[in-house]
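Reader: I would like to learn how to read a metal site and a nonpolar core. Can we work through one model?

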Amino acid sequence: MHEVGMMQSILERAVERAKQEGAHHIDGVHMRVGAASGVVPDSLEFAFEIAKKGTIAEDARLETELVPVVCYCANCQLEFQPTDLLYECPECHQPNCEVKQGQEFELAFLDVS
Ligand SMILES: [Zn+2]
């Protein structure tokens with residue numbers, strides 16, 4: 001379950017940010033998770049429950065925004081949403097195009113009090 005470790009470092013950063021703002025509690029943690037990040041949303045929820053115990057985010061809820069994958073083909077200078085895992089350009093059919101978006105695993109914002 002590497003999601004637990006990932007979630008713990010996200011929460012550490014969240015707690016730090018909340019304290020900087022003078023907050024005592026984190027009520028909500030909003031995250032951006034890319035469709036190609038390799039993270040399973042269900043296990044993320046579970047990891048969050050474990051990671052938040054004993055922190056000021058103990059009563060917080062997790063909100064995740066799923067970011068779709070966007071690829072870029074340098075040949076065609078085209079951005080596209082891949083339909084399969086080959087990331088193939090729809091114009092020139094070159095596979096493994098550069099992933100511009102969709103690998104996010106980051107803190108978006110916090111609800112604090
Ligand atoms: Zn192309």
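Reader: Which arrangement do the four donor atoms around the zinc ion make?

Author: Four donors count as tetrahedral if all angles lie between 85 and 135 degrees. Here the angles are 106 to 112°, so the arrangement is tetrahedral. The model is predicted: local features need pLDDT of at least 70, side-chain atom pairs count only at pLDDT 80 or more, and totals for chains, interfaces and linings use all residues. Residues are numbered from 1 along each chain as its sequence is written, and side-chain values use heavy atoms, without hydrogens and water.

Reader: Which residues are the protein donors of the zinc ion?

Author: Donors are N, O and S atoms within 2.8 Å of the metal (3.2 Å for Na, K and Ca). The SG atoms of Cys73, Cys76, Cys89 and Cys92 lie 2.3 Å from the zinc ion. Their sequence spacing is C-x2-C-x12-C-x2-C. Cys73 sits in strand β3 (70–73) and Cys89 in the loop between β4 (78–80) and β5 (98–101), so the pair ties together parts 16 residues apart in sequence. Strands are DSSP E runs of at least two residues; helices are H or I runs of at least four.

Reader: Are Cys73 and Cys89 buried or exposed?

Author: Buried means under 20% relative accessible area, exposed over 50% (1.4 Å probe, protein chains only). Both Cys73 and Cys89 are buried.

Reader: Which residues touch the most other members of the largest nonpolar core?

Author: A nonpolar core joins buried Ala, Val, Leu, Ile, Met, Phe, Trp, Tyr and Cys residues through side-chain atoms within 4.5 Å. Of 23 residues, Met7, Ile26, Val29, Met31 and Phe105 touch the most other members. Helix α1 gives the most to this core, with seven residues.

Note on methods
Tetrahedral: all angles 85-135°; square planar, octahedral: opposite > 155°, others 65-115°.
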